[in-house]
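Q: I would like to go through this structure step by step. Could we begin with the ligand and then move on to the protein chain?
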Amino acid sequence: MSSNNSDVPENANEECVGPQSEMAGKASSCAGCPNQSLCSSGATQGEDPAIEQIQQAMSIVKHKLLILSGKGGVGKSTFSTQLTLALGLSEKVLQRVRTAASSSNNSSNSNNTNNHHHMNNNISDDDDEDDAFEDESPTQVGILDIDLCGPSVPRMFGLEGQQLHQSNLGWSPAYYQDNVAVISIGFMLPNLDDPVIWRGPKKNGLIKQFLRDVYWGDYLDYLVIDTPPGTSDEHITVVQYLKNAGLDGAVIITTPQDVSCIDVRREISFCKKVGIPILGLVENMSGFVCPKCSHESFIFRPTSGGGEKLAKDTDIPFLGKIPLDPQVMHACETGKSILKEYPSSPASRALLEIVDKLKQPNM
Ligand code: ADP
């Protein structure tokens with residue numbers, strides 16, 4: 001897929017911010033550009049027609065969730081993947097997960113060393129009847145991975161090596177299963193080890209295409225958008241393009257350590273500044289679950305109260321804590337839902353609670 005940068009003039013400087021940017025003609029990269037005076041006159045800054053086209057394209061999506069984190073490595077893509085998979089599970093499977101989770105909760109309360117056998121109690125894939133397909137109308141879910149610098153989503157869905165195809169309807173996503181569609185920049189790279197070096201306008205062009213030109217089918221219940229860490233150009237682009245398309249809001253992922261909480265404060269103020277509702281904060285890698293006895297210990301005990309206190313201080317909802325759990329890592333490496341594979345693990349219990357909160361109608 002080539003990037004559609006038709007709005008960047010051929011003779012523009014390499015680091016062109018785009019003629020429609022607020023910085024057009026004023027950015028340092030504009031110095032010496034033949035178009036600088038035209039751009040700085042403001043004549044090029046009409047509303048980008050893509051905003052309306054994206055609004056149209058996104059009108060088939062009921063809920064759009066942006067997943068953010070202050071920095072890399074906190075488990076944002078892992079959460080985005082597991083949330084997407086969880087949203088795609090049928091109510092019947094979820095009910096079984098709830099039962100498994102509550103029975104393990106009771107047993108771990110009474111005897112921590114005795115509940116490891118629950119953890120292998122998976123709701124297996126052989127049981128195809130368990131899958132969402134048996135629902136008359138399974139929840140339709142999509143994930144859009146715009147982490148252009150480190151796309152890990154194809155791997156986390158076990159979809160490495162897939163290619164995206166274009167039809168007259170638009171770009172077709174890769175499908176994890178019939179009701180779970182995946183779009184990632186990773187599908188466009190010949191080698192995932194290659195560094196992805198995209199400059200400003202090219203990145204924006206690609207995000208625009210992802211938002212406007214993907215054919216998700218007739219209807220999606222949820223679109224989960226996995227963004228790069230921090231608050232970069234990509235976030236501003238997404239927010240600009242989705243401003244009329246009804247973004248439900250952002251879920252912010254952090255770890256309990258203070259430094260990450262400082263980064264996450266920046267993320268919270270970014271959302272407040274650009275007017276994105278914050279659905280809540282998730283603390284990941286909070287405590288360690290022993291794979292043998294499933295006892296949870298706290299390795300990084302936060303000195304500042306961690307995510308929960310941060311949420312309280314910044315007046316945003318706290319959605320829950322997901323422990324550091326080797327089974328989470330394993331499920332992610334093999335493209336599986338932890339809820340289905342390890343329904344009674346503490347991480348599944350935590351994820352389920354968060355998913356239930358995000359599904360509430362007032363969210
Ligand atoms: P990010 O998207 O924030 O850069 P990733 O989602 O790629 O982070 O996660 C980084 C690594 O941490 C991955 O190897 C992932 O499997 C692992 N990981 C994330 N969350 C957990 C968790 N709760 N328990 C165990 N491993 C986790």
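Q: How do the residues of the shell around the ligand divide into nonpolar, polar and charged?
A: Please keep in mind that this is a predicted model. In the shell around the ligand, eight residues are nonpolar, eight are polar and two are charged.

Q: Which of the residues around the ligand come nearest?
A: There are 18 residues around the ligand, and those that come nearest are Gly75, Lys76, Ser77, Thr78 and Val328. Two or more residues of the shell are given by each of these elements: helix H3 (76–87), strand S9 (278–289), strand S11 (318–324) and helix H10 (326–333).

Q: Let us stay with H10. Which of its residues are buried?
A: The buried residues of H10 are Gln327, Val328, Ala331 and Cys332. Seen down the axis of H10, these buried residues fall within an arc of 140°, so they line one face of the helix.

Q: And what do the buried residues of H10 pack against?
A: They pack against H3, helix H5 (153–156), helix H11 (338–341) and helix H12 (346–359).

Q: Is Met285 buried or exposed?
A: Met285 counts as buried, because it has 23 C-beta neighbours inside 10 Å and the cut-off for a buried residue is 20 or more.

Q: Where does Asp315 lie, and what is its phi near?
A: Asp315 lies in the loop between helix H9 (306–314) and S11. Its phi is near 60°, a positive value in a residue other than glycine.

Q: Is Asp315 buried or exposed?
A: Asp315 counts as exposed, because it has 9 C-beta neighbours inside 10 Å and a residue is exposed at 12 or fewer.

Q: A change of topic: where does Leu189 lie?
A: Leu189 lies in the loop between strand S6 (180–184) and helix H6 (200–213). With 14 C-beta neighbours inside 10 Å, Leu189 counts as partly exposed.

Q: How far apart are Leu189 and Gln163?
A: They are 26 residues apart in sequence, and their C-alpha atoms are 9.0 Å apart in space.

Q: Now the strands. How many residues of strand S2 (residues 141–145) are buried?
A: Five of the five residues of S2 are buried, so the strand is mostly covered.

Q: Which residues are on each side of S2?
A: Val141, Ile143 and Asp145 are on one side, and Gly142 and Leu144 are on the other. Both faces of S2 are covered. In a regular strand the side chains alternate between the two faces of the sheet.

Q: Which strand does S2 run parallel to, and how many bridges join them?
A: Five bridges join S2 to S6, and the two run parallel. Within this pairing, Gly142 has Ala181 as its bridge partner in S6. Five bridges also join S2 to strand S7 (residues 220–226), again running parallel. There, Ile143 stands opposite Val224 in S7.

Q: To finish, how many helices and strands are there in the protein chain?
A: The protein chain has twelve helices and eleven strands. Of its 363 residues, 46% are buried. Among contacts with a separation of 6 or more, 77% are between residues 24 or more positions apart.

How values were computed:
Residues are numbered from 1 along each chain as its sequence is written. This is a predicted model: local features need pLDDT of at least 70, side-chain atom pairs count only at pLDDT 80 or more; totals for chains, interfaces and linings use all residues. A residue is near a molecule or strand if its C-beta atom, placed from the backbone, lies within 6 Å of it. Helices (H or I, at least four residues) and strands (E, at least two) are DSSP runs, numbered from the N terminus. Ala, Val, Leu, Ile, Met, Phe, Trp, Tyr, Cys and Pro count as nonpolar, Asp, Glu, Lys and Arg as charged, and the others, Gly among them, as polar. The arc is that of the directions from the helix axis to the C-beta atoms. Two residues are in contact if their C-beta atoms, placed from the backbone, lie within 7 Å. Two strands pair if DSSP finds at least two bridges between them.
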